[in-house]
Amino acid sequence: GAFALDSALERGQRPATSHAGQAPLRDVALSTELRTFIFGRGITSLEVQQGAASRRPRLVFQTSTETQVFRALQASAGALIEEREKRPGMVEAFEVICDGPAGGRGGHFTLTLAQAEAIVSGRVDLPTFFVQNVEF
């Protein structure tokens, strides 16, 4: 089934949230690799930032539809697997944030390698992953 992106802002229930402009990832080479991989998947609205933990970069996408959220998750999963192969032990997970229009939220996820492998292999479909793992 479909789900609605967070429209709580429109109802005045929560202040606008934006992750734009937060600290960029200090590892410039990793940031460049992630951006190149994800841009190569046709996604152009990405900021790579320092996450809460040193081995968990934050990927912030601007999304306005569920399709864009799913594409962000799929691309993030592929990028995590690629980085783990290139740099074993350097990246343990991604914090994936999908910011919606006007500060709304499309979802917040902690994406682990096991989850990334399940997404890329098709063992879990993206709507199911979303429902089971979203951290609004």
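Predicted model: local features only at pLDDT ≥ 70, side-chain atom pairs only at ≥ 80, totals over all residues.
## Overall fold

The protein contains four helices and four strands, and, read from the N terminus, these elements follow the order α-β-β-α-β-β-α-α. Of the contacts between residues at least 6 apart in sequence, 63% join residues at least 24 apart.

Buried residues account for 45% of the 136 residues, while the accessible surface of the protein amounts to about 6,800 Å², with 52% of that area belonging to carbon and sulfur atoms.

In soluble globular proteins, nonpolar side chains tend to be buried together. Here the largest nonpolar core comprises 33 residues, and those with the most contacts inside it are Ile-38, Leu-59, Phe-61, Phe-94, Val-96 and Leu-111. At least two residues of this core come from each of α1 (28-39), β1 (46-49), β2 (58-62), α2 (66-86), β3 (93-99), β4 (105-112), α3 (113-121) and α4 (126-133), and the largest share, nine residues, is supplied by α2.

Leu-111 illustrates these contacts: leaving aside residues up to four places away in sequence, Leu-111 touches Leu-73, Ser-76, Ala-77, Leu-80, Ala-93, Phe-94, Val-96, Ala-116, Ile-119 and Phe-129.

## A buried loop residue

Gln-50 is found in the loop between β1 and β2, and Gln-50 counts as buried because its relative accessibility is 13%, under the 20% cut-off. Residues that Gln-50 touches, not counting those up to four places away in sequence, are Ala-23, Pro-24, Leu-25, Arg-26, Asp-27 and Arg-58.

Notes: Residues numbered from 1 in each chain as written. Heavy atoms only, no water. Buried < 20%, exposed > 50% of the residue type's maximum accessible area, 1.4 Å probe, protein only. Contact = heavy atoms within 4.5 Å. Areas by Shrake-Rupley, 256 points an atom, 1.4 Å probe, with all protein chains shown as cover. Core = buried A, V, L, I, M, F, W, Y, C linked by side-chain atoms within 4.5 Å.
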